[in-house]
Amino acid sequence: MIMAFAVVGMLCLGGGFLVGSSMSDDRSQTLNIAGSSSVGPLMTTYVQEYSKLTDSVKFNLSVTDSTDGVNKVLSGAADIGMSSSKISDAAVAAGAVATEICKDAIVVVVSPKLFDGGVTNLTPAQMKGIYEGTITNWQDVGFNASVPIANTHVFIREEGSGTRDAFESLIGKPTLISGLSTQNSTGLMRSAVSSAEYAIGYISLGSLNTATDKAVSVNGVPPSIANAMNGTYELVRSFYLVTKGAPTGTAALFIDWILSPTGQKHLGSSFVPLYAVP
């Protein structure tokens, strides 16, 4: 899924950070931002809030995946790429520079029937076993009946997804069994898991809907901002904004604002700030 839109705001001072001071009121500049569907909802918030501070910047936001965002930056098609995993050595060699903007927890979600039947806690080793096919029955991970695990209901993200790269790295780089079902966005993953009878997948904590998504604990620790910050929840990764070379001009102003206390406050209750925000 790809979303694209432009947002325009008003010029003012906010949080002690001057926005657009180097640009005249009658001239606008566009920032093209592309990439991760996990970072996308957060970036939507940042675009909306930043647009309240200046009318000299417009935004085009395209949500695809992390690899696409990095590639578009390197090709010049985007000014900023969104990535939910570390960028590759090849991208760095090509000139990509990643700026960490926050941390995020990856949440493993299961279908409501599995959760209600006892699959409420998994270890990283169990997750790896499910995705490798060495664990083949839901009863082996806590379900109250013997139900074979169907590969078609073990959901993964598409190749190029930063969430997929981060999840697989955090659980020990499984050799994925054949026949797993690919979901090409966070939204599709959530929908696929919640609507299935026996299924498993993974999403960003920032995209978790506690009313419908059934999130399992990891080694007995539930996913939460507090547990991600204190280190007890294990599945934590970073979000990055990627530029070709060090950020400059309008992109640098925008990224600096995100890193400021004002910008970090907009992480809300879904993402982990880089430092304690007063």
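This is a predicted model: local features need pLDDT of at least 70, side-chain atom pairs count only at pLDDT 80 or more; totals for chains, interfaces and linings use all residues.
Buried means under 20% relative accessible area, exposed means over 50%, and partly exposed is in between. I start there because D68, with a relative accessible area of 23%, is partly exposed by that rule.

First, the overall picture. The protein has 10 helices and 13 strands. Of its 278 residues, 50% are buried. If we take the contacts between residues at least 6 apart in sequence, 78% of them join residues at least 24 apart.

Side chains of opposite charge can pair when their charged atoms come close. How many salt bridges does the structure hold? There are eight, and I will go through some of them.

D68 forms one with K72, at 3.2 Å from N to O. Both residues sit in helix α2, which covers residues 66–75. They are four residues apart, about one turn of the helix. K72 is partly exposed as well, with a relative accessible area of 25%.

Another salt bridge joins K103 and E100, whose closest N and O atoms are 2.8 Å apart. K103 has a relative accessible area of 33%, so it is partly exposed. E100, at 26%, also counts as partly exposed.

The next salt bridge is between the side chains of R190 and D213, at 2.8 Å from N to O. This pair links distant parts of the chain: R190 is in helix α7, while D213 is in the loop between β10 and β11, 23 residues apart. Is D213 buried or exposed? At 8% relative accessibility, D213 counts as buried, because the cut-off is 20%.

On to aromatic rings. A pair of aromatic rings is described by the distance of the centres and the angle of the planes. A search of the whole structure finds 11 aromatic pairs. One of them is F143 with Y198, which is edge-to-face, with 5.6 Å from centre to centre and 80 degrees between the planes. Here too the pair links distant parts of the chain. F143 lies in the loop between α5 and β8, Y198 lies in the loop between α7 and β10, and they are 55 residues apart. F143 has a relative accessible area of 7%, so it is buried.

Ring pairs also link Y46, Y50, F59, F254 and W257 into a cluster.

Helix α1 covers residues 40–50 and helix α9 covers residues 249–259. Their axes come within 11 Å and cross at roughly 105 degrees. The two helices are therefore roughly perpendicular to each other. Which residues make the contact? From α1 they are M43, Y46, E49 and Y50, and from α9 they are L253, F254, W257 and I258. Seven of these residues are nonpolar, none is polar and one is charged. Y46, Y50, F254 and W257 are among the residues of the ring cluster.

A125 is found in helix α5, residues 124–132. With a relative accessible area of 56%, A125 is exposed, because the cut-off for that is 50%. A125 and I171 are 46 residues apart in sequence, and their C-alpha atoms are 6.7 Å apart in space.

That is the end of my part.

Definitions and conventions:
Residues are numbered from 1 along each chain as its sequence is written. Side-chain values use heavy atoms; hydrogens and water are left out. Buried means under 20% relative accessible area, exposed over 50%, partly exposed in between (1.4 Å probe, protein chains only). Axes are lines fitted to C-alpha atoms, for helices over the stretch in contact, and angles run from 0 to 180 degrees between N-to-C directions. Angles under 35 degrees count as roughly parallel, over 145 as roughly antiparallel, 65 to 115 as roughly perpendicular and the rest as oblique. Contact means heavy atoms within 4.5 Å. Ala, Val, Leu, Ile, Met, Phe, Trp, Tyr, Cys and Pro count as nonpolar, Asp, Glu, Lys and Arg as charged, and the others, Gly among them, as polar. Rings of Phe, Tyr and Trp (its six-membered ring) pair if their centres lie within 6.5 Å; planes under 30 degrees apart count as stacked, over 60 as edge-to-face and the rest as tilted. A salt bridge is a side-chain nitrogen of Lys or Arg within 4 Å of a carboxyl oxygen of Asp or Glu.
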